Amino acid sequence: QKGSNGKYTVTLIPGDGIGPEISESVKAIYRAANVRGDAPVSSCVSDVPIKVPIQWEEVSVNPVLKEGKTVIPDDAVQSIRKNTVALKGAHDRWQHLVLGKGHVSLNLTLRRTFKLFANVRPCVSIEGFKTPYDDVDTVLIRENTEGEYSGIEHEELTLGFRKMSDGMFLSACRQVAKDFPDVTYDEDLLDRVCLQIVQNPKPYADRVMVMPNLYGDILSDMCAGLIGGLGLTPSGNIGRDASIFEAVHGSAPDIAGKGLANPTALLLSSLMMLRHMNLNEHADKIQKAALTTIAEGKAITGDLGGKASTQEYTAAIIGKL
Ligand code: ATP
Ligand code: MG
């Protein structure tokens, strides 16, 4: 809901590792978009001002001690619950909440708290940025809260569990597919899909792939590799109570704090967020500024083969805005 100042409040969770750096970059780009949007109408080239009607409410989800257990801080949970939309930097996947007798991953707890069962991961070639593939356009939906991936995080993986969860997932898909006769439903195996996508990704442009947790983790990293790497792929965790947008990549501790991180994946995640909020024109403009910066190749980060720092790349995007 819009506040009295005409803006939507969105929760921002910078996180750890490269999370704070890439969050800073996204904030800077939105700040710049707002300043330009404030310029007199006569000096605006386009009809729609870029000014994005959102404001960030920054919180930390780092576990705190409460009655002998560690939990996600109340104010963070309240903020996400109230705003229903959040942008999340990155979190060390191995961060755990220590419960009475066991522990559970922070990421998984967030997903379960807000019932974020579907992780939507689009992956699209960037025009003008050369990779061995120039026509990747996949969308993958990864089940987010169950399956053997969460099993790994609980250390309870067995082969029998794997087979059982696959069967359950299939029967659920078949059942739901019956309710949507306009959607063509088809089944395939992960290994075959991997082979087919790397041989020719084009046929995957007109379909959506839905899969259990672990398969989604693997296949989305593979798709990211086809378009230029993990620095480029966004995602949205869509649930009943809230939606949290975040990059596909993790906290990249190997490059954290060095100004090397590529903020594009988080920026594109924030644009998914804007589109989720029906702020499509705003998203399109910022996306154009980012993608043309990458296509020009003058100020791109090391993961894309360039020499620019996070800040220099950010400044180049702001220049385009
Ligand atoms: P996690 O367990 O959190 O998924 P991971 O070990 O898979 O962690 P990632 O954080 O996903 O690691 O990163 C994998 C590799 O990709 C690392 O070498 C990292 O430096 C690189 N990488 C990830 N994200 C970015 C980014 N935004 N910019 C540049 N390099 C990145
Ligand atoms: Mg990873």
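This is a quick talk through one predicted model, going from its sheet to its helices and then to its ligand.

Okay, housekeeping. Since the model is predicted, local features need pLDDT of at least 70 and side-chain atom pairs count only at pLDDT 80 or more, while totals for chains, interfaces and linings use all residues. Residues are numbered from 1 along each chain as its sequence is written, and chains are lettered from A and ligands numbered from 1 in the order in which they are written.

Let's start with the sheet. Eight strands make an open, mixed sheet, and the order is S2-S1-S5-S12-S11-S8-S9-S10. Strands here are DSSP runs of E with at least two residues, helices are runs of H or I with at least four, and both are numbered from the N terminus. Two strands pair if DSSP finds at least two bridges between them. At the edges sit S2 (54–58) and S10 (208–211), each pairing on one side only. Ignoring direction, neighbouring strands are turned by 25° against each other on average.

Look at S5 (residues 85–90) and S12 (residues 243–247): they run parallel, joined by four bridges. Leu-87, for instance, has Phe-245 in S12 as its bridge partner.

Now, what packs on that sheet? H7 (residues 213–227) does, touching S8 (118–124), S9 (137–143) and S10, with its direction at about 160° to that of S9. H8 (residues 264–276) packs on the sheet too, touching S5, S11 (234–238) and S12, at about 155° to the direction of S12. Contact means C-beta atoms, placed from the backbone, within 7 Å. Angles run from 0 to 180 degrees between N-to-C directions, and axes are lines fitted to C-alpha atoms, for helices over the stretch in contact.

On to helix pairs. The axes of H8 and H9 come within 8 Å and cross at roughly 160°. That makes H8 roughly antiparallel to H9; the labels go by angle, with under 35 degrees roughly parallel, over 145 roughly antiparallel, 65 to 115 roughly perpendicular and the rest oblique. On the H8 side, the contact includes Leu-267, Leu-271 and Leu-274, and on the H9 side Ala-283, Ile-286 and Ala-290 are among the residues. By class, the contact of H8 with H9 has six nonpolar, four polar and one charged. For the classes, Ala, Val, Leu, Ile, Met, Phe, Trp, Tyr, Cys and Pro count as nonpolar, Asp, Glu, Lys and Arg as charged, and the others, Gly among them, as polar.

H9 (residues 280–296) also packs with H10 (residues 310–320), at about 125° and with axes 8 Å apart. So H9 is oblique to H10. Ala-289, Ala-290, Thr-292 and Thr-293 in H9 meet Tyr-313, Ala-316, Ile-317 and Lys-320 in H10.

Which way do H6 and H7 run, parallel or antiparallel? Their axes cross at roughly 5°, within 11 Å, so they are roughly parallel. Leu-190, Val-193, Cys-194 and Ile-197 from H6 meet Tyr-215, Leu-219, Met-222 and Cys-223 from H7. That contact is eight nonpolar, no polar and no charged.

Last stop, ligand 1. It is surrounded by 14 residues, with Arg-93, His-249, Gly-250, Ala-252 and Asn-262 the closest. Near means a C-beta atom, placed from the backbone, within 6 Å. The shell has six nonpolar, five polar and three charged residues.

Technical notes. Contact = placed C-beta atoms within 7 Å.
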